[in-house]
Amino acid sequence: MLQGTDVSVQEVKGNITLKKIFHSKSGWADLMPRLLSAIVLSAVSVFVICYGHWPYILFIALISFFVVFEGLSLARGSQEKPFKGGKLFLYQSLAVLVALIGGLGFFYLRMSPFGVINVFFVVLIVAACDTGAYFSGRIIGGRKLAPSISPGKTVSGAIGGLFFAVLLSFLLEYLFTGVWIIDTAFYAILLGISSQLGDLCESAAKRRAGVKDSGKIIPGHGGILDRLDGMLGAIPIALFFQFFAGENAFWTISIKDLFHVGL
């Protein structure tokens, strides 16, 4: 024990380690605000997804509004080289279209049979991919994924994100259905890849606009678009498969049965 206090040496070392992780200038400095923001967002999201009805509608509408607002801001380009004319109209139309597809997509998934678990599956797979990429990239490091677009992203992070997405997909499938099919990994990988592409697209837009974040509304994450770029990339994939799934949750069906392929 330390003289004059009841704090052990191990506790002091532990506090110093936490300070290094959460308050240093290293790549982990944003971990604490990211965790706190994720907890709050997760609690609100779980409630509205499970409850449905007007809270879900209001939540999706509000999120879509912020996506449009931040997307239109990025679509203007940088202050030094703003987009004009037809190019400005094209990029702003694309920003609105992305928000529209995302909003309507989450409405459609929630209203489909097994709507709650459908939404949870997509949200959790994208979150697992994002979280897995964050930790894998910082722990392993290595070759950059797309240095000209997003210097912080690594190949190890992208692979680690997909690995975590697949692991979670098997866990969710077993918890929700009690069975296993290998095809679930295929869905998870496609959702993970599309979410990473969505992330890279937003990173490219931010780089062209000369900003670090799309907004400042979420501590540790920036704007709403910074948090949902992966979701917006994954939702078209989920919609495509759910269209063929009919009365079933798409990720519980084998590929050959989903498309009625006789093999």
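Predicted model: local features only at pLDDT ≥ 70, side-chain atom pairs only at ≥ 80, totals over all residues.
Let me begin with leucine 90, which is found in helix H4, the stretch of residues 85–111; helices here are DSSP runs of H or I with at least four residues, strands are runs of E with at least two, and both are numbered from the N terminus. Residues are numbered from 1 along each chain as its sequence is written, and side-chain values use heavy atoms, with hydrogens and water left out.

Is leucine 90 buried or exposed? Its relative accessibility is 53%, so leucine 90 counts as exposed, given that buried means under 20% relative accessible area, exposed over 50%, and partly exposed in between, with a 1.4 Å probe and protein chains only. Leucine 90 also belongs to a nonpolar surface patch, whose other members include Tyr91, Leu94 and Ile101, and the patch has about 700 Å² of accessible area together.

Helix H4 has a partner, helix H3 (residues 53–75), and the axes of H3 and H4 come within 9 Å and cross at roughly 160°. That makes H3 roughly antiparallel to H4, a label used for angles over 145 degrees.

Now to the salt bridges, where a side-chain nitrogen of Lys or Arg lies within 4 Å of a carboxyl oxygen of Asp or Glu. How many salt bridges are there by this rule? The count comes to five.

One of them joins the side chains of lysine 153 and aspartate 199, at 3.3 Å from N to O. This pair links distant parts of the chain, since lysine 153 sits in strand S2 (residues 150–154) and aspartate 199 in helix H7 (residues 183–209), 46 residues apart. Lysine 153 is partly exposed, with a relative accessible area of 23%, whereas aspartate 199, at 17%, counts as buried.

Helix H7 also holds glutamate 202 and lysine 206, four residues apart, or about one turn of the helix. Their closest N and O atoms are 3.6 Å apart in a salt bridge, and both glutamate 202 and lysine 206 are buried. Together with Asp226, Glu202 and Lys206 are linked in a network of salt bridges.

Finally, aspartate 213 and lysine 212 meet through their side chains in a salt bridge of 3.9 Å, N to O. Here aspartate 213 is partly exposed, at 29% relative accessible area, while lysine 212 is exposed, at 68%.

Key:
Patch = residues over 30% accessible without salt bridge, like charges linked within 9 Å, V, L, I, M, F, W, Y side chains within 5 Å. Areas by Shrake-Rupley, 256 points an atom, 1.4 Å probe, with all protein chains shown as cover. Axes fitted to C-alpha atoms, helices over the stretch in contact; angles between N-to-C directions. Parallel < 35°, antiparallel > 145°, perpendicular 65-115°, else oblique.
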